[in-house]
Amino acid sequence: MLNLTIAQLNLTVGDVPGNVARMVEAARQAAAEGSQLIVFPELAVGGYYPGDLLDEPAFLRQVQQGLAALQRASAELPGLAWVFGAPLERTGPGKKLENGLLVLKDGQVLLRYAKQLLPTYNIFDERRHFEPGPDVAKVLRLGQTQIGLLICEDGWNDEGADYRVNPFERLRDAAPELVVSINASPSNIGKREQRHQIFVAASRRHGLPLLYVNHVGGHDQLVYDGASFAVEPDEGVVFEAERFVESVRTLRFEQGRFLEPSGQPLPRPVPAGLSPMAFYRAQIVLGLRDYARRCGFTQAVVGSSGGIDSALTLALAAESLGPQNVVGITMPSSFSSSGSVTDSEALCRNLGIELLNHPIKGAVEAFKAQFLESFGAEMQGLTLENLQARVRGTTLMAFSNARGHLLLTTGNKSEVSVGYCTLYGDTNGGLGLIGDLFKTEVFALSRHLNEAAGRELIPVAIIEKEPSAELAPGQKDSDSLPPYPVLDEVLKVLIEGERLAAWERAAAHAQFDALKATAEGRALIEKVARMIHRSEYKRRQAPPIIRLRSRAFGQGRQMPIAARVPGVFE
C-alpha cells in the first residue's frame, strides 16, 4: 500500500522562492495526511516555461538555491518522498541544462532523470535550452512499490508517431507497478480528452496503472487547466482533479488500484467534462486573473463600442477581476449610432461596472485640421476611419497610464486573422481575451453567459446587432468580409487544419469543400488566405492573446512577414 499526493499547483515562472515555499506547504499537508509520496509538475521549481531565463546566471543561481531549500525541507519531513521537475545542470557536449526530474527523501537525492523527448512544435521550444536525456528507464522503489518515472512528452509517443525513441516502452521493460508522469500540458479545446485517450491507451497496452500530474494557472498566452488524473488499465480514468484550480489531493495505491485514503473506492470522474463554451469561459477567466496578478494589475479598462466583442470582453473581465475593478469607456464619434452609447450603458448597468463617456469628435476634427495645415491633404476614406480608431486607442492608453488599469484589447480571431483591425487603435492593450475565439464563437459564448446567469448580462440588442466598426456612414463588417459563418469555417481550415478538435473538423471541412467546388468559392478562399498573410505584420505588433484553441496566433504560429506564400491551390 502507498499513500501518494498529487500537488497540482499554480506556480509562477521565474519565482523560485515563491514556488519552493508553495511546494513545501503542500508537502507538509501531504505528510500530515500520512502520505509517503508527493508529486509536483514538470519544471515546478522555476515554472513552465522559463524561456530565455534559462540563459540568465541569476535565475540558475536561484534554481540551485531553491533545490538546496527543498532538500533541507525534505530532511524535516522524514519518510516522505518528493518527485518534482527542475532545470538541472549537466556536463559533456551539447546544452548545459536538462529538463530534469528529482526524487528527494530524508534530505537526500534518491534519483535523477532527464526528459528524453524535447518538443519543438506548436508552442514548445525545449530543444533551444535543453539536451535530451539518455534512453534509459528510471524506477524508484518506495516501500514495496516499484514506481517508473516519466516527464510529459516522454509519455506522448507510445505509438511511435513523432520520435524514434519510446521511453514508455523502455520503462515497461523495467517492470514498475506504477508509472508517475510529471507534466506541463497547456490547455486548449479538446486537450483534456486527448490526454485521456493517449495515456489510457498506453496504460492498457503495457498493463500499467498511471498517475498524471499537471500544472494549473495562466502564464502569458498559455493557461494550464490542471485536470491531473489517475488511470487503471482495465478501468481507464478513475480519478481526475478539478480543472482550473489548485488541488492537493491524497490517494491510496494498493494492488494496482487507486482508492480513497480510507481504502474506499473513488467516485468516478465525469467523462464529458465541460461544454466548449463553459471551457472557453473558465480558461479566459483564469488566464486574465493570473496575468493581471502576476503583472501587478488589480483593475482593467475596456473600450465599450456597444458591439459584441467589447461586451463579451467586459463581461469576462468583470467575472475575472470583479465588476468593481473594471471600467468601460464609450467613445462616440460622428459616425456612431445611438446604440453605441445606450447599449454600452445597458451592458455596464447589467454587469455592475462603471461606464465613462469620452466623445472623440473634437479630437478627430482637431487632428484633421492640423493634418490639412501641415501636409496640405484632406483626411478621408481609410485614413479617416483609422484615425478614429487610433484616437480611441490613444485615449484608452492615456487612461491606462493615468489610472494604472490594464487595457484589454477586444479583437476576435476572425478579424485578427484577416487584418480587420487598426494598428495603434483597437489593437492597443496589454492582453486580448477573445483573440482566439472566432466571431461565431463570440456570439455563442455571449449567449452562454446569459444562459448561465439566468438573465441578460449582455443585452440581446447587442447580440442581435449587425456587426459594424462604425467608422464610416452605414458601415457593416459584411461590406469588407464574407459572412462570419462562412469566413470562420474557411479560417479554421486554413489556420488550424488537422489540429481542429474532432467535434468541429467535419463541419469546417464540409464548408471548405463546398466552396472549393466552385470557381467563385475558390476565389474567396484564395482571397482570405492572402488577407491572412498580409496581416502578419499587424499580429506581430498586437498584444498577447489567451490561447484557447490548438493553434493560436503568437508563439504557436510562426510565419514570416516579408515572404511570398504559395496560394492555397498552387
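Reply: Gladly! Let's start with a definition: a charge sits over a ring if NZ of Lys or CZ of Arg is within 6 Å of the ring centre and within 35 degrees of the ring normal. Please keep in mind that this is a predicted model.

Me: What makes R539 count as lying over the face of F553?

Reply: R539 is 4.5 Å from the ring centre of F553, and the limit is within 6 Å. R539 therefore meets the distance condition, and it is listed as lying over the face of that ring. K413 also lies over the face of F553, at 5.7 Å from the ring centre.

Me: Why is the pair of W156 and F199 called edge-to-face?

Reply: A search of the whole structure finds 13 aromatic pairs. For W156 and F199, the ring centres are 5.7 Å apart and the planes meet at 85°.

Me: What does the pair of W156 and F199 tie together?

Reply: W156 is in the loop between β7 and α3, while F199 belongs to helix α4, so the pair ties together parts that are 43 residues apart in sequence.

Me: How do you know whether W156 is buried or exposed?

Reply: Buried means under 20% relative accessible area. W156 has 17%, so W156 is buried. F199, at 0%, is buried as well.

Me: Which residues do ring pairs link into a cluster?

Reply: They are Y48, Y49, F130 and Y224.

Me: What makes β16 and β19 a pair?

Reply: Pairing needs at least two bridges. Strands β16 and β19 have two bridges, in the parallel sense, so they qualify. V301 has L407 in β19 as its bridge partner.

Me: How many bridges join β1 to β2?

Reply: Three bridges join these parallel strands, and I6 stands opposite V39 in β2. Helix α1 packs on their sheet, touching β1, β2, β3 and β14. Helix α2 packs on the sheet too, touching β3, β4 and β5.

How values were computed. Residues are numbered from 1 along each chain as its sequence is written. This is a predicted model: local features need pLDDT of at least 70, side-chain atom pairs count only at pLDDT 80 or more; totals for chains, interfaces and linings use all residues. Side-chain values use heavy atoms; hydrogens and water are left out. Helices (H or I, at least four residues) and strands (E, at least two) are DSSP runs, numbered from the N terminus. Rings of Phe, Tyr and Trp (its six-membered ring) pair if their centres lie within 6.5 Å; planes under 30 degrees apart count as stacked, over 60 as edge-to-face and the rest as tilted. Buried means under 20% relative accessible area, exposed over 50%, partly exposed in between (1.4 Å probe, protein chains only). Contact means heavy atoms within 4.5 Å. Axes are lines fitted to C-alpha atoms, for helices over the stretch in contact, and angles run from 0 to 180 degrees between N-to-C directions.
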